[in-house]
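Open the model in your viewer and have the selection tool ready. The stops below are in the order in which to visit them.

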Amino acid sequence: MTSIVLLYRLARRDLRRRPAEALLLLAALAVASTTLTIGLVLHGQTAVPYAETRQRTSGPDVVAALFPPPGRSVTGADRDRLAALAGRREVAARSPAFPTTWASIEAAGVNGVAEVQGRDANPSPVDRPAVVSGHWVDGDHGGVVVERAFARALGVDVGDHVTLDGQRLRVVGVAVSAALPPYPQLCTIGCILDRPGWPSAQPGLVWAPRHEVGSLSSGREPVVWFQYLRLHDPSTAPAFAARYGADGPPTGRTDLEPWQAIAARQAEQLSSERTVVVFGSTLLVVLALATLAVLVGGRMADEVSRVGTLKAAGATPAFVARLLLASYLAVGLVAAAVGLVAGRVLAPRLVARSAGLLGASGPTSVSVGDVLIVVGTILAVVVVASVIPAWRAARTSTVHALAGAGRTPHRSRLIVRASAGLPPPALFGLRFVARRPRRTLLTAMSIAVAVCGSVVALYAQASLRAERGPAGGPADPQVAQLHTVLLAVTLLLVVMTAVNLVFVATASAVDARRLLAVARTLGATPAESAASLGVAQVLPAIVGLVLGFVAGSAIFRALAAHTVTPPLAQLAGLALLAVCLVVALTAVPARIEALRPIAETLREA
Amino acid sequence: MSGVVRVVGLAKHYGNGNALVRAVDDVDLEVATGEAVVITGPSGCGKSTLLHLMGGLDRPDAGEVWIAGRRIDHTSERTRARLRRDNVGFVFQEFHLMEELTAVENVELPALLAGRSSRQARRRATALLEQVGLERQAGHLPSALSGGQKQRVAIARALVNEPAVLLADEPTGSLDSAATIEVLRLFERLRANGQTLVVVTHDQRTAATADRMVGMRDGAFVEDVALGPETASAAQILTAGSRE
Amino acid sequence: MQQEVVLALLAKEPSHGYELRAQIERALGPLGAGFNAGQMYVTLGRLEQAGLVSSTREAVASDRPERRTYELTAAGRERVDQWLSDVTWPRPDLTNFHLKLMVAAAQRLAEPLDIVAAQRRELVRRLRDAQRAAMAEPDGSDAALLLEGVVLRIEADLTWLDACERTWSDGR
Ligand SMILES: Nc1ncnc2c1ncn2[C@@H]1O[C@H](COP(=O)(O)OP(=O)(O)OP(=O)(O)O)[C@@H](O)[C@H]1O
Ligand SMILES: [Mg+2]
C-alpha cells in the first residue's frame, strides 16, 4: 500500500519535472487515439443505415432488370419472361415493372446524366421510396422526384426545375430508396450509357411519372424494365439471383441483383472512408510508438542516474520499472480519454452525411468495445515503448547508474573509416548516425511512416480526380468527403511527424552535446557542429523518404483496384517539403546546441 | 616579441550582487615560446576559467587574450575555432575521448578537422602514438585503456596539429601515482623538446614539471615565480635528500 | 633546540629565561613533553658567549634565585633575519619550521604565509630537480628508485606546507 502511494508521488513529481515532454507525449498519443476512435466509429456505422432504409422503404430482396437485346427494344415476349420470373414460388411480393431510361440532366448550370424511372402515383408493394421533402410523383400534376444524394450533388431542392433531354420539369420531391444504390454508385447496377461523353458520367436516379419515360426515350434510348421482388426468405436472395439471372442475348437479358449486393454498394462509400481512416490511424499509432520510444529512450540516459539513486536507496528493479511505467501509463490513459471524446465529436463531421440513406447522419456512438480497443491499444503502445528501456534502466548496475553513464555509443568501423576523408559536417554527421543506430532507425521510420501516408493520400487524390468524370458535372459527395478525410489524416500525420522530429533532433543534440563541445575544443566551428547534427538527421530522413515512397505506392497499389499515378510535380514537391521540414526542425535544436558555451558544457560533463 | 599566449587585464565574473563570483579578476600573463608554466591554487580559485579563456573556449568580461600574435577575445566563434584548431591543444582531467573511436582514430580527429587527408592524418596519429608509447594500443577503444594510457592518447590528440601551446586542465587529476608518472614523463619530454605548456594543477608533482609557477587565489595571481635554472645535479639531490 | 628559535623569541622584547621556556612549551604542545628545561639555559649561555644576546641580572630578594633578563644584540638581530629568510631544508625539521612560523607570527617578525610560500618555491624547485633527474634515469635503474624516494619525501613536505598555509591563512 505504502509502495503505491510512493509510486504515485514519485510518478507525479516525474511528470511535473518535465511538463513539456509530458504534454508532447500526451498530444502524440491523443492524436493517435482520436484517429483510432474515428476509424472504429466509422466501422460500426456501415450496416445500420442501410438496414433501416430498407425496412422503412419496403426495400426489395432482389432487383430484376430486363435489358433489351442490342439493336431493338424489349418485346412482349421478353416481358412475359420477366413476369414469369416474378411469379415464381420463392417470391412473396413484387412491384410492377417500371420502365427506365437515361437522359442528360441540367440543373442550374450543372450537367449530368439521370437514370429516369417511370413510377405510379400509388405506392408499390415493394420499394416505396421515403419522401424526405415535397411529395411523391403524381401523373396528373407532372414533375419529378430526385434521389437525395443526387439532388444534393446537383444542388436542387423541391420547387427547382431540372431539364431532362431538353424538357423542363419541376422537382416535386426528394426521396431515399433502398432499391438502388444512391448517387454516385447507382450505375453499379445496369446502366446503358451509349451517348458520346456519357460512359465516364455518374448518373443519379430521378423518378418520373410513367408516361414521361416513354416521351423521353422516344425510341432513341433503350428502355430497361426494373421489377422489385420480395422473397419469402430474404437470405436466399443471392441463390435466387444466381439461379435465374442473366439469360443473355438474343432474347434479351434479365439481370438479378440480390439486396446484399446493393447493401455492399451502399457500404462502399463509407468503407473507402473507413479504409483511409483506419490506414491513417494505424500510421499514427506507429508514429505515436516512435515518439514514445524516442522520449523514453532519450530520457533513459539521464534517468539512469536517478534509477541508481533509487536503487541505492533500496528500491527493487521491479519497483523502478513500475515507477517508470506509471508516469507513462498515466499520460496514456489521459490521452486515450481525450482521443475518445475528440473522435466521438469529430467522426460525424468527417463521415458522409450519407444522403442516399436514412438515419445515416444521426448521432454516431462509441461502443464499449470501441473504448476497450482504444484504451487497450494506447496502453499497449505505452507498455511496449517503455517497458523495454525501463527494464534495461532498472537492470543497470547501481554503481554504473550512479556514475551517470548512459548507454555506450555504438561503433561502426566502416563508417568511421569511410567518413575520415570527408569534410567535418559529414564526418561527424555520419559518425552520429552510426553511434546511435536505434535513434537513427527511429528517425528513418518516422519519416517513412509520414511519407508513406502522404504518398498514399496523393495517390488516392489522383485516383479520385481521375474518377470524377467531365468538368461541370454534378459534385461527387463521396469525392469531396474523401478529400476532407484524406487531408485531415495527412495533416495529422505531418503534425505528429513534426513533433516526433523535434523530439529526435533535441534528443540527438543533447546526446551529442559533450562530444560536440570536445570537437569544438579540437577546432570544429559552431557551423560545422550544427551542420553535423543536421547531416545526422537528414541522412536517415532521406532513407525514410525513399522507404516511404516505395511503401506508399506499394500499399496503394495493393489497396486500390486501379492506380492513377499522381503528377510527378506533386511527388517531387512532397519529397522537397519533407526534406525542408526535416532540415528546419533539426536546424533549431542543432543551432542552439552549437552556440552553447563550450566551457559550460565541459564543466557539466 | 610577445609570447605565444598573452592575457592582459583579463576578467570573468559569474552571477551578480551578493552572489558575484570573480572567477578571474584582472589577470595578466605572458607565456613565452617553449616555456612550461604551471598555474596552481586552491579549488575554485578560477584556474579552469582562466585556462578556458586562454584557449578561447569562453569569452572574457574584460581584457584581452592573444594567441600566437592574434587577439581572439572579440573574434567570432568561428575564427576562434580555427585558431584553436591550428594553435591550441587541450587536455582535460576527464580525457574527453570519444568512446566509440579507437586510440588512433581519436588522435587523428583534429588532423581530419584541419583538412588533412585521411592517410596523412593516420600517419601523423600513428607517429604521435608511438611518441607517447602507445603504438601497440592504437587499435584499442578507450574502454580498453588504463587512465594513464587514456590521458596519453588525449595528449597525442592535442598535439596532432602541432599546436603553438598545449593547455592542460588537471591532466593528472583522475590518475593514480603510477599513471601520473607516465603522463609527467611525457610532459617532461615535451618540455625538453620546446613545447610551450600551460598546466593547471594542484598536484605537487605535476606542478614540479614547470619552469615557472603561478599561484592563484580568488581569481587573482598571488605569485608568479620562475623556478630558475636547474641547480642540482643528481648527486646533489641525493645528498640533499639524505643529509642530516 | 635550535639557537635561532630562542633568538627570535627575543626579537621583539627582552625576556626572562623561564618565559622563553613557557612559550616554547606552549607552541610544541604534547611534542614539547620531553623538552629539557635546562637546555634552554645552556643555549642562552652559548648565545651569550657568541655575542648574540646579552643579559642583565635583576635585583631580587636574597632568598630567591637570581633572575636574568636576556636581550638581543645587533649581531643576534641580524642572525634572526637571516634565519627567517633561510629556505634550506636539509632534513625536514618540522618542529623547527613550525616554531619558525609560530615565532614569526607571535613576534610579528614576518608574515607566516610568506615564509610558507618561499619555502614552497624552494621545495618545488627541488622537487622539479629531483623529478627531472628521476625521469632522466632509464627504466629499472637503482638510482631512479632512490630518486623516487626523494621525490615522495619532498612531496610529503609540500603537502604539509599546504596544510600550514591553510591553517595560517584562516586568520590565526
Ligand atoms: N558557470 C558558472 N556559473 C557560476 N559560477 C561559476 C561558473 N563557472 C565557474 N564558476 C565559479 O567560478 C569560480 C572559479 O571556478 P573554476 O572552475 O575556474 O575553479 P578551479 O580553480 O578550476 O577549481 P578546481 O580546482 O576545483 O577545478 C568558482 O567559484 C566557481 O564556482
Ligand atoms: Mg578546475
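Start at α1 of chain B, which with three residues gives the most to the shell around ligand 1. Helices here are DSSP runs of H or I with at least four residues, strands are runs of E with at least two, and both are numbered from the N terminus. Now select α1 (47-54) together with β2 (21-31) of chain B: each supplies at least two residues of that shell.

This is a predicted model, in which local features need pLDDT of at least 70 and side-chain atom pairs count only at pLDDT 80 or more, while totals for chains, interfaces and linings use all residues. Residues are numbered from 1 along each chain as its sequence is written, chains are lettered from A and ligands numbered from 1 in the order in which they are written, and side-chain values use heavy atoms, with hydrogens and water left out.

Next, show everything around ligand 1, meaning residues with a heavy atom within 4 Å of it. There are 13 such residues, and A:Arg603, B:Ser43, B:Gly44, B:Ser48 and B:Thr49 come nearest. The residues belong to chains A and B, so the site is shared between chains.

Zoom in on the polar contacts, which are pairs of N or O atoms within 3.5 Å; within protein, one must be able to donate a hydrogen and the other to accept it, and residues adjacent in sequence count only if both atoms are side-chain atoms. Oxygen atoms of ligand 1 lie 2.5 Å from an N or O atom in the side chain of B:Thr49, 2.6 Å from a polar side-chain atom of B:Ser48 and 3.2 Å from a polar backbone atom of B:Cys45.

Move to B:Met54. Its contacts (heavy atoms within 4.5 Å), not counting residues up to four places away in sequence, include B:Val5, B:Leu29, B:Ile67 and B:Val198. B:Met54 is also among the residues with the most contacts inside the largest nonpolar core, which has 94 residues. Such a core is a set of buried Ala, Val, Leu, Ile, Met, Phe, Trp, Tyr and Cys residues joined through side-chain atoms within 4.5 Å; buried means under 20% relative accessible area, exposed over 50%, and partly exposed in between, with a 1.4 Å probe and protein chains only.

Finish in chain A. Select A:Gln117, in strand β4 (residues 110-119). Is A:Gln117 buried or exposed? At 0% relative accessibility, A:Gln117 counts as buried. Its side chain makes a polar contact with the side chain of A:Tyr228, at 2.9 Å.
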